[in-house]
Structures are given as C-alpha cells and as structure tokens.
Amino acid sequence: MRSIYPVLRYPDARAAVDFLRSAFGLTVHEVHEGPDGTVRHAQLGYGDDLVMVGPGPAPATRPADDDYRVYVAVDDVDGHHERARAAGAEIVRVLFDTDYGSRDYVARDLAGLVWSFGTYRP
C-alpha cells in the first residue's frame, strides 16, 4: 500500500500531464476535468508509484539546479535520459555516477521544477 504521494502544481496541468508522459515516461492513472475541460486533478504512475498533478501557479522563483523535489528510480537511466532530452526536457546535470553506486541525471520539467532520475533504490 502506498503512503506518500508527491503533489506537483502547474500553470497548465494538461500540458504538464502530456510533458511528464512524453519526457519522463509517466503513465496516466486518472484525470479529472473541470466543467471547462481543464485538468483539475491527475494521477500519473511510474511502476507501482503515483504522483498527483493539479493546477497552480508556477514557482515564484526558479528552483536551483540541485533543488529537486522528486527522485525516480529507473532501470535504464541512460535510455530514460535520452527520452527526456529528446522530448525537450532541460537537462541540468548530465548522466553521472555517484560514490554510492547509482547512475543519475537531473532535469527540469516544463514549469521549471527539478526532477532527479537514477538507479538508486534504497
């Protein structure tokens, strides 16, 4: 059973859902729309995990390149990195190996939020 769900807000939640699918490989679990067709709440999956997405303002200030809020463990980080780059994600730190055995990279999404991806699984 899941207990922790990251919640991310975007000025255009529909565009965020589309970007997160194409760039980071998340899958749509649920999308709830308002009467005007805008996304009011979405649940996106990666493996067995979920992140919730909804409407909200962009960050007041652009987060620093190392100020990521979400870490996603992936099996093929090199392939994931290439997918994100090809989909237009801003890569803020290219692939690198850590001293604890993980291979990681860091990218920004369309709202400027920073995500980290790698092979580390605690």
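Skip its neighbours within four places in sequence, and Leu20 is in contact with Tyr10, Gly25, Leu26, Leu44, Val53, Asp109 and Trp115. Keep in mind that this is a predicted model.

Some of those names come back when we turn to the largest nonpolar core. That core has 27 residues, and the ones touching the most other members are Tyr10, Leu20, Phe24, Val53 and Trp115. Which elements give two or more residues to this core? They are strand S1 (7–10), helix H1 (13–24), strand S3 (39–46), strand S4 (49–55), strand S5 (70–73), helix H2 (77–86), strand S7 (103–108) and strand S8 (114–118). H1 gives the most, with seven residues.

Now follow the chain to Gly25, which sits in the loop between H1 and strand S2 (27–33). Leaving out residues up to four places away in sequence, Gly25 touches Leu20, Gly45, Tyr46 and Arg83. Take Arg83 from that list: Gly25 and Arg83 are 58 residues apart in sequence, yet their C-alpha atoms are 8.1 Å apart in space. Across the chain, 56% of the contacts with a separation of 6 or more are between residues 24 or more positions apart.

The largest pocket holds about 430 Å³. It is lined by 19 residues, and Tyr46, Asp49, Leu50, Tyr71 and Val72 are the closest to its centre. S3, S4 and S5 each supply at least two residues of this lining, and S5 has the largest share, with four residues. What classes of residue make up the lining?

| Class in the lining of the largest pocket | Number |
|---|---|
| Nonpolar | twelve residues |
| Polar | three residues |

Finally, let's zoom out to the whole chain. How many helices and strands does the chain have? There are two helices and eight strands, and from the N terminus on they run β-α-β-β-β-β-α-β-β-β. Of the 122 residues in the chain, 40% are buried. The C-alpha atoms fill a box of roughly 50 × 35 × 25 Å along the principal axes. The radius of gyration is 14 Å, and a compact globule with 122 residues would have a value near 14 Å, so the chain agrees with that expectation.

Note on methods. Residues numbered from 1 in each chain as written. Predicted model: local features only at pLDDT ≥ 70, side-chain atom pairs only at ≥ 80, totals over all residues. Heavy atoms only, no water. Core = buried A, V, L, I, M, F, W, Y, C linked by side-chain atoms within 4.5 Å. Buried < 20%, exposed > 50% of the residue type's maximum accessible area, 1.4 Å probe, protein only. Contact = heavy atoms within 4.5 Å. 1 Å grid on protein atoms, 1.4 Å probe; cavity = no way out; pocket = protein on both sides within 12 Å on 5 of 7 lines; lining within 4 Å. Points joined across faces, edges and corners; volume = space filled by probe spheres on them. Nonpolar A, V, L, I, M, F, W, Y, C, P; charged D, E, K, R; others polar. Rg over C-alpha atoms; globule rule 2.2 N^0.38 Å.
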